[in-house]
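Welcome! Keep the 3D view open as you read.

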Amino acid sequence: ILLDVSPPYLKALVIEGALIFEDKNLELHTEYIMIRNGRLQIGTWEKPIQSKITVTLYGSKMSRFLPHYGNKVIALREGILDIHGKPVSHTWSRLDQTADVGATQIILLDAVDWKVGDVFVIASTDHDHYHSEERTVKTISVSGSKTTITFDEPLKYKHYAGIQTFEGKVFEMRAEVGLLTRNVVIQGDETSQANMYGVHIMTFSPDGDDSSIARISYTEIRQAGQAFNLGRYPIHYHLIGNVHQSYVVG
């Protein structure tokens, strides 16, 4: 089946053939996606999706569980899961200069191809990881090998970038800056953060072999993971032995 329209809300999808997303702006809203000896294809490595695709999974701790896979899940049991968004030159970079409290501009060490409206995160450089900060690109310009980004909301915390020498040894310490925005998004519903109960992607091969193949690239996975539940990571390759054909990139 070629998915070329955004369908209404679906309780569940069981894919035993192939569901292939056309390269156009699409949304899919459902509670479960079960791939069983089938294929779910949102782009390929050779031909990644260029449009905006958003897949939203719904559910709570009280929702009915699929055996092994749980709920609010994209589940793969022998078959192929392909999710490939538009590649970007840099998924992350580092600060060229320290960004002080109140700053509305940063300079990156790399020439990146990020765009106005993209969301990025600046990592914390103190002892509190909650001091990482998300911002939205207002303007962006590349000069040589470096990029200048401006944003509206001033920084609340200092993010360090510099080189220091201790006892003759040189240490380069710079805050990482990561691009969060992708054109293909897999997400949990609006209750996910408050309930600490988001979407997860789980692949499982009953024989512990490579019969379940999940290839994911340049995809944004948000409102993901299920707190206090064992094995409910945003992406989970579960007991599938030595993995030769699956990957997560970008």
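**A first look: one serine and its contact**

The side chains of Ser217 and His84 make a polar contact, at 2.7 Å. Please keep in mind that this is a predicted model.

**Around Ser217**

- Ser217 belongs to strand β18, which covers residues 212-217.
- Is Ser217 buried or exposed? Its relative accessibility is 2%, and because buried means under 20%, Ser217 counts as buried.
- So this buried residue is also one whose side chain has a polar contact with the side chain of His84.

**A sheet of three strands**

- An open sheet is built from three strands, in the order β8-β12-β11, with antiparallel pairing.
- The edges are taken by β8 (105-108) and β11 (139-143); each has a single partner strand, so one side of each has no neighbour in the sheet.
- On average, neighbouring strands of this sheet are turned by 15° against each other, direction ignored.
- How many bridges join β11 to β12? There are five, and β12 spans residues 146-150.
- To see this pairing in the 3D view, look for Thr139, which stands opposite Thr150 in β12.

**The largest pocket**

- The largest pocket has a volume of about 410 Å³.
- Its lining is made up of 15 residues, and those nearest the centre are Val121, Glu134, Leu179, Leu180 and Ile221.
- Which element gives the most to the lining of the largest pocket? That is β19, with three residues.
- Sorted by class, the lining of the largest pocket holds five nonpolar, six polar and four charged residues.

**The second largest pocket**

- The second largest pocket has a volume of about 220 Å³.
- Residues lining the second largest pocket include Lys86, Pro87 and Val88, as well as Asp113, Trp114, Lys115 and Asp118.
- Leu179, Thr181, Arg182 and Asn183 also line the second largest pocket.
- By class, this lining divides into four nonpolar, two polar and five charged residues.
- One residue to look for is Leu179: it lies among the residues nearest the centre of the largest pocket, and Leu179 also lines the second largest pocket.

Technical notes. Residues are numbered from 1 along each chain as its sequence is written. This is a predicted model: local features need pLDDT of at least 70, side-chain atom pairs count only at pLDDT 80 or more; totals for chains, interfaces and linings use all residues. Side-chain values use heavy atoms; hydrogens and water are left out. On a 1 Å grid over the protein atoms alone, a cavity is a set of points where a 1.4 Å probe fits but cannot get out, and a pocket is an open set with protein on both sides within 12 Å along at least five of seven lines; lining residues have an atom within 4 Å of a point. Grid points are joined across faces, edges and corners, and a volume is the space filled by probe spheres set on the points. Helices (H or I, at least four residues) and strands (E, at least two) are DSSP runs, numbered from the N terminus. Ala, Val, Leu, Ile, Met, Phe, Trp, Tyr, Cys and Pro count as nonpolar, Asp, Glu, Lys and Arg as charged, and the others, Gly among them, as polar. Two strands pair if DSSP finds at least two bridges between them. Axes are lines fitted to C-alpha atoms, for helices over the stretch in contact, and angles run from 0 to 180 degrees between N-to-C directions. Buried means under 20% relative accessible area, exposed over 50%, partly exposed in between (1.4 Å probe, protein chains only). A polar contact is a pair of N or O atoms within 3.5 Å; within protein, one must be able to donate a hydrogen and the other to accept it, and residues adjacent in sequence count only if both atoms are side-chain atoms.
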